[in-house]
Amino acid sequence: MLSLYYHPGNASLLPHIILREIGADFELRYVDRAKDQQHSEEYRRLNPNGRIPVLVDGDLVLFETAAIVLHLIDKFPEAGLAPTVGSPQRAEFYKWMIHLSNTPQAEFRAWFYPDQHADDDSAVPSVKRKAGERLDRMFDLISGQLGEKPWLLGDTYSAADPFLFMLMRWSRFMPRPAREVPNLKALADRVLTRPAVQAALEAEGIQAPVF
Ligand SMILES: N[C@@H](CCC(=O)N[C@@H](CS)C(=O)NCC(=O)O)C(=O)O
């Protein structure tokens, strides 16, 4: 049995969607952020960074969203959520997973937690504004590379697509939400039609508008 430590709409949403895409037998373990449970001693035994998500797979305790997803893809290759290992398409897939993980996803920390990036309170609004500007530029660049293709890899759906979808959701209250960037809304609409995505959103209590 796989266990995913999650909080609704957090970075755990991506591995949650992937668990449903592959049809795995799993359980959700709620992390109560109102009680700061992610920083509790018990949770820090799973993830010393105090961040969500964590996947427990037998003796394996794994943190980092992208690593969890890549592990699930390796463990359930028949789900077809990534191209064949060693192919040029697989390399493109790695590019997107790593880009989304260490560029926009990492930048969102400055948007959501600007106080952690500033020495004093007066600097917080500008830290947040600059993070928003960098995120705008990142979404523009992604949009340019996506063009009118249905998915980030072209004709093939992969785990990178719900990753972008999740990041788009996080942008929904920004001055310019990613749904307003050309090409991105069409991709997110396609992701939204997938039964696994619908099921994950419903299980997390996430209602429309989703992004
Ligand atoms: N790089 C980490 C980042 C995870 C992360 O920042 N999670 C957020 C929720 S989306 C979190 O745990 N925030 C609570 C906190 O930092 O206290 C990953 O991808 O797993």
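Predicted model: local features only at pLDDT ≥ 70, side-chain atom pairs only at ≥ 80, totals over all residues.
View 1. You'll find Ser3 in strand E1, which covers residues 2-6. Is Ser3 buried or exposed? With a relative accessible area of 8%, Ser3 is buried, because buried means under 20%. Leaving aside residues up to four places away in sequence, Ser3 touches Glu27, Arg29, Val54, Leu55 and Val56.

View 2. Now look for the ligand's oxygen atoms. One lies 2.7 Å from an N or O atom in the side chain of Arg109. For Gln105, a polar side-chain atom sits 2.9 Å from a ligand oxygen atom. In the case of Gln38, an N or O atom of the side chain is 3.0 Å from an oxygen atom of the ligand. On its own the ligand would expose 510 Å², but the protein buries 88% of that.

**View 3. A nonpolar patch on the surface.** Here Val85, Tyr94 and Ile98 form a nonpolar surface patch, and together they have about 280 Å² of accessible area. Tyr94 belongs to helix H4, residues 88-112. How does Tyr94 count, and why? Tyr94 counts as partly exposed because its relative accessibility is 33%, and partly exposed runs between the 20% cut-off for buried and the 50% cut-off for exposed.

Conventions: Residues numbered from 1 in each chain as written. Heavy atoms only, no water. Patch = residues over 30% accessible without salt bridge, like charges linked within 9 Å, V, L, I, M, F, W, Y side chains within 5 Å. Areas by Shrake-Rupley, 256 points an atom, 1.4 Å probe, with all protein chains shown as cover. Salt bridge = Lys/Arg side-chain N within 4 Å of Asp/Glu carboxyl O. Helix = DSSP H or I, 4+ residues; strand = E, 2+ residues; numbered from the N terminus. Buried < 20%, exposed > 50% of the residue type's maximum accessible area, 1.4 Å probe, protein only. Polar contact = N/O pair within 3.5 Å; in protein donor to acceptor, adjacent residues only side chain to side chain. Contact = heavy atoms within 4.5 Å.
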